[in-house]
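Subject: Structure handover

Hello,

Here is the structure to look over. My notes on it come after.

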Amino acid sequence: MTPVTELAYVVAGSEATGGAGIQADLKTFQALGTYGVGTITCIVSFDPTNAWGHRFVPVDPQVIADQIEAATSCHDLDVVKIGMLGTPATIDVVARSLSAQPWRHVVLDPVLICKGQEPGAALDTDTALTAQILPLATVVTPNHFEALTLSGMDAISTARDLAEAARRIHARLDTSGGPRYVVAKGGVELPGPDAVDVLFDGDGVTEFRTPKIGEERVSGAGCTFAAAITAELAKGADVTDAVAVAKRVVTQGITDRLASHAPFDAVLLRAAAVETV
Ligand code: PXL
């Protein structure tokens, strides 16, 4: 067995059912053979007595700063995934803490809202994320809703629209430190038979396409996708290869999904299946 030497770091929220958030991130890191390190920004506990609505508790900003200090002092981390942050105060402390050292890659899953939350809640987070976190990101992975919000487009109905959204979001990134990448994900929201993702690297567009597996959203797909990109980057892959692996891993995880008492199935990564993707 190859010893694990690559470390993958995630700053994200806990999602108590285990399907999404930092639980999904750390499982993905493990499945892809990296050593996972995690910092918790908030705690989401869906409410089974209220239609699985969204209960959200932010972690105290000082406690977030302490966790980042512990993780980055203990390990030489150079690749980080940022997942759900949730409040402007959290965004502020994460931006300040991460700016204390250089990063080879910062993979931003720009989580604006999650299932059960009102779209209105996205506005504050969008503004703070755009101002403070987007400039740190080397790879951004918006879903359909986030691509609409961050690009300012009225509709995204085709793969061509998705590519246009990726271009517009790319224009908002700080490219002074090297190439930056946007992976816009169509998911089940993009009409058509395929699950389409597009990667824009500032120059050209690469399209990733697989047949959709059903028309229902699966919990943890976005988290797993960005975490898999992060793990592959930690292992030294380039961004295009990392996205290709992540697409295969998440497609397998959606196929193998876990049913539960909640309305959404969750991505399930089986070690044996991931090894062969
Ligand atoms: O899937 C987005 C997401 C990310 N992070 C946390 C979540 C969710 C959605 O439920 O709860 C913590």
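The notes below cover the ligand and then the pockets.

This is a predicted model, in which local features need pLDDT of at least 70, side-chain atom pairs count only at pLDDT 80 or more, and totals for chains, interfaces and linings use all residues. Residues are numbered from 1 along each chain as its sequence is written, and side-chain values use heavy atoms, with hydrogens and water left out.

Ligand

The shell around the ligand consists of Gly13, Ser14, Glu15, Ala20, Gly21, Val44, Phe46, Met84, Cys114 and Cys223 (a residue counts if one of its heavy atoms lies within 4 Å). The protein buries 92% of the 310 Å² that the ligand exposes when taken alone (Shrake-Rupley method, 1.4 Å probe). Strand E1 (7-15) gives the largest share of this shell, three residues, and strand E2 (35-47) supplies at least two (strands are DSSP runs of E, at least two residues; helices are H or I, at least four; both are numbered from the N terminus).

Pockets

The ligand takes up the space of the largest pocket (a pocket is an open set of points on a 1 Å grid over the protein atoms alone, where a 1.4 Å probe fits, with protein on both sides within 12 Å along at least five of seven lines; lining residues have an atom within 4 Å of a point; a molecule sits in a pocket if more than half of its atoms lie within 2 Å of its grid points). The largest pocket is lined by 47 residues, with Asn143, Arg217, Val218, Ala221 and Gly222 nearest its centre. For the second largest pocket, helix H1 gives the largest share of the lining, three residues.

Regards
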